[in-house]
Amino acid sequence: MIRPLQHSIYWFLKATVLGAVWAGLFRINAALFKEFAVSDHASWIFLPAALRVLMPLVFRSSGVGGLILGSLFITPPLPGNVVAPLLFAIASGLAPVIGIAICQRIFRLAPDLAGLSAVHLSGLSILCALSNSLCVNFVLFLTHQPSRGALNAVTVFVGDVTGTAMVIYAIAGLLTWTAKMRAS
Amino acid sequence: MSSVPPSHVRFLNVLNAIRQLSPAGSLTADEQVMLDLLILQWHEGGRIALSDLMQNNSAGSQSTIYRRLLSLNEKGFVRFGTSLRDKRIRFVEPTDLARHHMQAMDDRLTGLLSPYPTN
């Protein structure tokens, strides 16, 4: 009886921390690349998109929970504006699930991601960006918000792919640098 | 054993995939040893014939040496050239990536050995 409760608390804490990390990177992105923002929901460079790929990949359900909570940290539901933030939060979590599921079918990824390669990561970032772009624009359509049509969709897609590439290459550089420091 | 792979295993596999984006960082220890051996031989004698390399027992069996060379070729550090006079003779040649790797090593060593400023 206690174990499932402990497991749930641990899951929620993990999701909260991941959500806070996502929200923090969102704020950093907004500060660094505000010139690249096209609207509240679209930017030509969006660094947190990398977490949208990596968090569900590594942490599975708690990663998805973290994305949903992160979105709610940024835009919490308030009296008079409840539906839109909730829908955006759900879309934020659902989009990478769709992208990862498609990739797992195409690339036959192992559950423990053994054999994951740079090519798979590229495919994941493109498919997650595509599904996020479609989900965001669908939510904008459902909530009757101005969406700027194709421009918004393209911006979200390009922003997610660019942001993911920047973060992943930064991590690759950091890994190489730390390995060289250890070797010297 | 749990059917859900633990997070740390997935995390390490993701890191390995990310490492592949940085070619120098993705060399295994055996590949690094092979590359070091090639660097020494390029320095001594210029072109290295693949047949001479395969007879070098200190580097391992012929299949091991060939496997490591193929891996270095895939990662962009070596290419296989052919002799103009006899197309059966193949050479192992450095690529720009290998030259850059050698230069980077030289720069780091030079930096280490440079005299410290005196007070």
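Leaving aside its neighbours within four places in sequence, which residues is T143(A) in contact with? The views below take up this question and others in a predicted model.

**View 1. T143(A) in the loop between helix 5 and helix 6 of chain A.** Leaving aside neighbours within four places in sequence, T143(A) is in contact with A84(A) and L87(A); contact means heavy atoms within 4.5 Å. The side chain of T143(A) also reaches the backbone oxygen of L140(A), at 3.5 Å. T143(A) counts as buried because its relative accessibility is 17%. Buried means under 20% relative accessible area, exposed over 50%, and partly exposed in between (1.4 Å probe, protein chains only).

**View 2. Chain A as a whole.** Chain A has six helices and two strands. Helices (H or I, at least four residues) and strands (E, at least two) are DSSP runs, numbered from the N terminus. The order from the N terminus on is α-β-β-α-α-α-α-α. Of its 184 residues, 45% count as buried. Among contacts in chain A with a separation of 6 or more, 69% join residues 24 or more positions apart.

**View 3. Chain B as a whole.** Five helices and three strands make up the elements listed for chain B. Along the sequence they read α-α-β-α-α-β-β-α. Chain B has 119 residues, and 34% of them count as buried. Residues 24 or more positions apart account for 45% of the contacts in chain B with a separation of 6 or more.

**View 4. The contact between chain A and chain B.** Chain A gives 21 residues to the contact, and chain B gives 17 residues. Together the chains bury about 1800 Å², with 72% of it on carbon and sulfur atoms. Buried area is the accessible area (1.4 Å probe) that two parts lose on being put together, summed over both. V58(A), D112(A) and L175(A) supply 27% of the area that chain A buries against chain B, more than any other three residues.

**View 5. Polar features and the chain A side.** Three residue pairs are in polar contact between the chains (both at pLDDT 80 or more). A polar contact is a pair of N or O atoms within 3.5 Å; within protein, one must be able to donate a hydrogen and the other to accept it, and residues adjacent in sequence count only if both atoms are side-chain atoms. The count of salt bridges between chain A and chain B is zero; a salt bridge is a side-chain nitrogen of Lys or Arg within 4 Å of a carboxyl oxygen of Asp or Glu. On the side of chain A that touches chain B, helix 2 (49-59), helix 5 (118-142) and helix 6 (149-183) of chain A each give two or more residues. Helix 6 of chain A has the largest share, seven residues.

**View 6. The largest nonpolar core.** This core has 22 residues. A nonpolar core is a set of buried Ala, Val, Leu, Ile, Met, Phe, Trp, Tyr and Cys residues joined through side-chain atoms within 4.5 Å. L57(A), L116(A), L121(A), L124(A), V14(B) and I18(B) have the most contacts inside it. Helix 5 of chain A gives the most to this core, with five residues. Leaving aside neighbours within four places in sequence, L57(A) has contacts including L113(A), R10(B) and V14(B).

**Notes.** Residues are numbered from 1 along each chain as its sequence is written, and chains are lettered from A and ligands numbered from 1 in the order in which they are written. In this predicted model, local features need pLDDT of at least 70, side-chain atom pairs count only at pLDDT 80 or more, and totals for chains, interfaces and linings use all residues; side-chain values use heavy atoms, with hydrogens and water left out.
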